[in-house]
Amino acid sequence: MVSQRHGQVQRWQDRWWAVALLVLVVWAGIRLAFDGWSGWPGILAGGLVYAGFMTWYMMRRRRRDARAVGTEAARVPELERRIARNGELPEDPAERAVMVRLIRRREEKLRRNQWWAFPLLGLILFGTPLLWFAAGNVAAGVWGLAFGAAFLGWMAWFNRRFVRRMAGMRQRIEGVGGGPVGSPAMGSTGGPIVGPAVGPAGGAEGIAHSAR
């Protein structure tokens, strides 16, 4: 798929089948590591269902983001990568405005979801090992606790870094050209782009930036 407006070729990693394959591989790998190869038919079937759901959810989210900020769905992953890297600013003023709207959309979701996202993730990551302990599977419980602690720590670090980079990228863009991006014409609803400064926000949007 090619974005005609910006001449960008969509990376294969962003296509729906690549997302589905990645989810399936991760799901199956984790389940096989804990349960062994004996249960592979059930693991594969569950993985296909989970991969299908997550792919549908992520593609739906991408389309909604694109409609909300005024771009094509194929452009959203590339814009997110630029934001996450705090990388090169778009040369097109219209695309800079799109990026600012996407940043503000992400910031608002983080503020709105922070109160439940990390507690729910912690419940999932640490509740499952406790069930394994209760069932007598001590080895799986220990590995599950270690994985949960490592993953939750990584998510907290990644989230804080992403929030800082979003704020940094937005400030850089809004400073380009003396403020045309921040003018009333650039608001996603036709009004001025205004909002509170971003501090350290919690939450893992979708919990799979995850269930973001």
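This is a predicted model: local features need pLDDT of at least 70, side-chain atom pairs count only at pLDDT 80 or more; totals for chains, interfaces and linings use all residues.

Me: How are two packed helices described, and at what angle do the axes of helix α3 and helix α4 cross?

Reply: In general, two packed helices are described by the angle between their axes and the distance between the axes. Here the axes of helix α3, residues 76-85, and helix α4, residues 93-134, cross at roughly 80 degrees and come within 11 Å. An angle from 65 to 115 degrees counts as roughly perpendicular, and α3 is therefore roughly perpendicular to α4.

Me: Which residues of α3 meet α4?

Reply: On the α3 side they are Val76, Leu79, Glu80, Arg82 and Ile83, and they meet Glu95, Val98, Met99, Leu102, Ile103 and Arg106 in α4. Sorted by class, this contact of α3 with α4 holds seven nonpolar and four charged residues, with no polar ones.

Me: How is α3 placed against helix α2?

Reply: The axes of helix α2, residues 40-69, and α3 come within 10 Å, and they cross at roughly 80 degrees; α2 and α3 are therefore roughly perpendicular to each other. Arg61, Arg62, Asp65 and Ala66 of α2 make the contact with Val76, Pro77 and Glu80 of α3. By class, the contact of α2 with α3 has four charged, three nonpolar and no polar residues.

Me: How far apart are the axes of α3 and helix α5?

Reply: The axes of α3 and helix α5, residues 138-174, are 7 Å apart, and the two helices pack at an angle of about 100 degrees, so α3 and α5 are roughly perpendicular to each other. From α3, Glu80, Arg82, Ile83, Ala84 and Arg85 meet Phe162, Arg165, Met166 and Met169 in α5. The residues of this contact of α3 with α5 divide into five nonpolar and four charged, with no polar residue.

Me: How many salt bridges does the structure hold, and which residue is paired with Asp65?

Reply: The structure holds 14 salt bridges. In one of them, Asp65 is paired with Lys109, and their closest N and O atoms are 4.0 Å apart. This pair links distant parts of the chain, since Asp65 lies in helix α2 and Lys109 in helix α4, 44 residues apart.

Me: Which residues make the nonpolar surface patch, and which helix gives the largest share?

Reply: Leu22, Val26, Ile30 and Phe147 make a nonpolar surface patch of about 350 Å². Its largest share, three residues, comes from helix α1, residues 16-35, and Val26 has its place in that helix α1.

Methods. Residues are numbered from 1 along each chain as its sequence is written. Side-chain values use heavy atoms; hydrogens and water are left out. Axes are lines fitted to C-alpha atoms, for helices over the stretch in contact, and angles run from 0 to 180 degrees between N-to-C directions. Helices (H or I, at least four residues) and strands (E, at least two) are DSSP runs, numbered from the N terminus. Angles under 35 degrees count as roughly parallel, over 145 as roughly antiparallel, 65 to 115 as roughly perpendicular and the rest as oblique. Contact means heavy atoms within 4.5 Å. Ala, Val, Leu, Ile, Met, Phe, Trp, Tyr, Cys and Pro count as nonpolar, Asp, Glu, Lys and Arg as charged, and the others, Gly among them, as polar. Patches are made of residues with over 30% relative accessible area and no salt bridge: like charges are joined within 9 Å, nonpolar side chains (Val, Leu, Ile, Met, Phe, Trp, Tyr) within 5 Å. Accessible areas come from the Shrake-Rupley method with a 1.4 Å probe; for residues, only the protein chains shown count as cover. A salt bridge is a side-chain nitrogen of Lys or Arg within 4 Å of a carboxyl oxygen of Asp or Glu.
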